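Please look over the sequence and the model before reading on.

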Amino acid sequence: MALQEPAGMTAASQIYAALKRDLINGRFTAGEKLAINALKQHYRVGLSPLREALNRLSAYGLLEQENQRGFRVPALARAELDDIAQLRQRFEGQALEQALARGGERWEAELLAAYHRLKRADETPGDLEHWEQMHLQFHRHLLEPCGSRWLLRFIEQLHDQFDRYRRMAPANPAIRSTLNTQHAELVELALARRIEAARDLLHEHIRLSYEVAKEACRDG
């Protein structure tokens, strides 16, 4: 796999982006120890930028660093997922309240555009990665005007951790259909500035997604 990331990125940034994407997508097995030489060969990258990327991913929480023994993919643990889901509900609910209080006409237009892109992706089920990207962009746009860069940063990290579980879980078409419907409802409530109802729906949206993601856990 040759790395093809945006021009101007360093080798370490390129391998970081590629490895991060593969870790979230489930290319590596939970608990798997990563073989440095195999990674160098697969991503066609040198040792120095690879180690820099692995250290960054360890600090981000998508890898575990073992003293003098390399890096391992974290296990999928129910207690950890519970914690992640609860924090998502708390932080995203707060960000949504702030976003609805601050968002203007430009944000409304961008949110509608993001929703329509997601809806079109819903209607093209064969391209799962495209849907994932449109789904991520929709949720980013929904919270974007909250006014707190740090809050958005924490939310993005929680999203990445949560998605690692969700993408490893078996598909649940019934819940997926409900989640898709809720995206339209979130837009309607956001545009109407119905803050309490929108927060309650987002809370339920995360809970339903959690019901799918928890099936990836072997410990309950």
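How do the residues of the lining of the largest cavity divide into nonpolar, polar and charged? There are one nonpolar, three polar and four charged. Ala, Val, Leu, Ile, Met, Phe, Trp, Tyr, Cys and Pro count as nonpolar, Asp, Glu, Lys and Arg as charged, and the others, Gly among them, as polar.

The model is predicted: local features need pLDDT of at least 70, side-chain atom pairs count only at pLDDT 80 or more, and totals for chains, interfaces and linings use all residues. Residues are numbered from 1 along each chain as its sequence is written, and side-chain values use heavy atoms, with hydrogens and water left out.

**Confidence**

pLDDT is the predictor's confidence in each residue, from 0 to 100. Its mean over the chain is 92, and 95% of residues reach 70 or more. Residues 1–8 fall below 50, yet this stretch has 15 contacts (heavy atoms within 4.5 Å) beyond near neighbours in sequence. Where pLDDT is low, the predicted coordinates should not be read in detail.

Helices (H or I, at least four residues) and strands (E, at least two) are DSSP runs, numbered from the N terminus. Among these elements, helix H4 (residues 78–102) has the highest mean pLDDT, 98. Strand E1 (residues 64–66) has the lowest, 91.

**Cavity and pockets**

On a 1 Å grid over the protein atoms alone, a cavity is a set of points where a 1.4 Å probe fits but cannot get out. A pocket is an open set with protein on both sides within 12 Å along at least five of seven lines. Lining residues have an atom within 4 Å of a point. Points are joined across faces, edges and corners, and a volume is the space filled by probe spheres set on them.

One cavity of 30 Å³ or more is counted. Its lining includes Glu-132, His-135, Asp-163 and Arg-167. Helix H6 (128–143) and helix H7 (149–168) each supply at least two of the lining residues.

| Space | Volume | Helices each supplying at least two lining residues |
|---|---|---|
| Largest cavity | about 40 Å³ | H6, H7 |
| Largest pocket | about 520 Å³ | H6, H7, H8, H9 |
| Second largest pocket | about 370 Å³ | H1, H6, H7 |

The largest pocket is lined by 27 residues; Trp-131, Glu-132, Arg-166, Arg-176 and Val-212 lie nearest its centre. By class, this lining has 11 nonpolar, nine polar and seven charged residues.

The second largest pocket is lined by 18 residues. Helix H1 gives the most, seven. The class count is five nonpolar, four polar and nine charged.

**Nonpolar cores**

A nonpolar core is a set of buried Ala, Val, Leu, Ile, Met, Phe, Trp, Tyr and Cys residues joined through side-chain atoms within 4.5 Å. The largest has 26 residues; Leu-96, Leu-111, Phe-138 and Leu-142 have the most contacts inside it. H5 gives the most to this core, six residues. Leaving aside neighbours within four places in sequence, Phe-138 is in contact with residues including Leu-111, Tyr-115 and Val-187. A second, separate core of 21 residues includes Phe-28 and Tyr-60.

**Trp-107**

Trp-107 is found in helix H5 (residues 105–122). Its relative accessible area is 6%, so Trp-107 counts as buried. Buried means under 20%, exposed over 50%, partly exposed in between (1.4 Å probe, protein chains only). Not counting residues up to four places away in sequence, Trp-107 touches residues including Leu-100, His-141, Pro-145 and Arg-193.
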